[in-house]
Amino acid sequence: MKPTGPLIQGAALIFLLAVAQPQSARAADAANGERIASRWCHSCHLATGRQQNGSDLAPPFSSIANDATLTPEGLHAALSGRHPRMPDFSLAREQIDDLSAYLRTLRK
Ligand code: HEC
């Protein structure tokens, strides 16, 4: 038998690593999501743990985070301008991904 085993295994490993790359070029960054939330969302929402009060109209992020129906896709939809009483932030997809990652850290 020829000693090709390790070579084939090596090639298979490289192939797997290439395939396993995440879809987006960068991973969502929850810390950046928190920064965005404290800058853009906190005037209405209780958006960060340090914040004392928001508006009564907007649900606090801690309860949004626990809303089982609010998937990352739901957040994208909510923030893409279709939400009736929220301003259109025209956030980039990466920023929404970061916010969504941040919201997941609030989940209890
Ligand atoms: C001008 C006030 C205001 C700001 C600023 C604001 N929101 Fe809201 N948001 C609201 C209100 C009011 C609601 C509740 C709307 C309703 O119940 O119809 C809401 C609801 C939501 C919901 C729930 C949507 C759903 O379908 O259940 C999400 C998620 C959300 N906001 C995320 C955000 C994020 C993220 C930011 C910052 C980028 C933000 N909001 C900034 C007012 C605001």
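**Helix H2 and its packing**

In this predicted model, helix H2 (residues 30-41) packs with helix H5 (residues 93-106) at an angle of about 100°, and their axes are 7 Å apart. Angles of 65 to 115 degrees count as roughly perpendicular. H2 and H5 are therefore roughly perpendicular to each other.

Which residues make the contact? From H2 come Ala-30, Asn-32, Gly-33, Glu-34, Ile-36 and Ala-37. H5 supplies Gln-95, Asp-98, Leu-99, Ala-101, Tyr-102 and Thr-105. By class, the contact of H2 with H5 has six nonpolar residues, four polar and two charged.

Now the two sides of H2. Gly-33, Glu-34, Ala-37 and Cys-41 are buried in H2. They sit on the same side of H2, because they cover an arc of only 100° around the axis. Ala-31 and Arg-39 are on the other side of H2, and they are exposed. The buried residues of H2 pack against helix H3 (61-65) as well as H5. Gly-33, Glu-34 and Ala-37 are each buried and also part of the contact with H5.

Last, the setting. The protein chain has five helices and zero strands. From the N terminus on, its elements run α-α-α-α-α. Of the 108 residues of the protein chain, 17% count as buried. Among contacts in the protein chain with a separation of 6 or more, 56% are between residues 24 or more positions apart.

Technical notes. Residues are numbered from 1 along each chain as its sequence is written. This is a predicted model: local features need pLDDT of at least 70, side-chain atom pairs count only at pLDDT 80 or more; totals for chains, interfaces and linings use all residues. Helices (H or I, at least four residues) and strands (E, at least two) are DSSP runs, numbered from the N terminus. A residue is buried if 20 or more other C-beta atoms lie within 10 Å of its own, exposed if 12 or fewer, and partly exposed in between; C-beta atoms are placed from the backbone. Two residues are in contact if their C-beta atoms, placed from the backbone, lie within 7 Å. Axes are lines fitted to C-alpha atoms, for helices over the stretch in contact, and angles run from 0 to 180 degrees between N-to-C directions. Angles under 35 degrees count as roughly parallel, over 145 as roughly antiparallel, 65 to 115 as roughly perpendicular and the rest as oblique. Ala, Val, Leu, Ile, Met, Phe, Trp, Tyr, Cys and Pro count as nonpolar, Asp, Glu, Lys and Arg as charged, and the others, Gly among them, as polar. The arc is that of the directions from the helix axis to the C-beta atoms.
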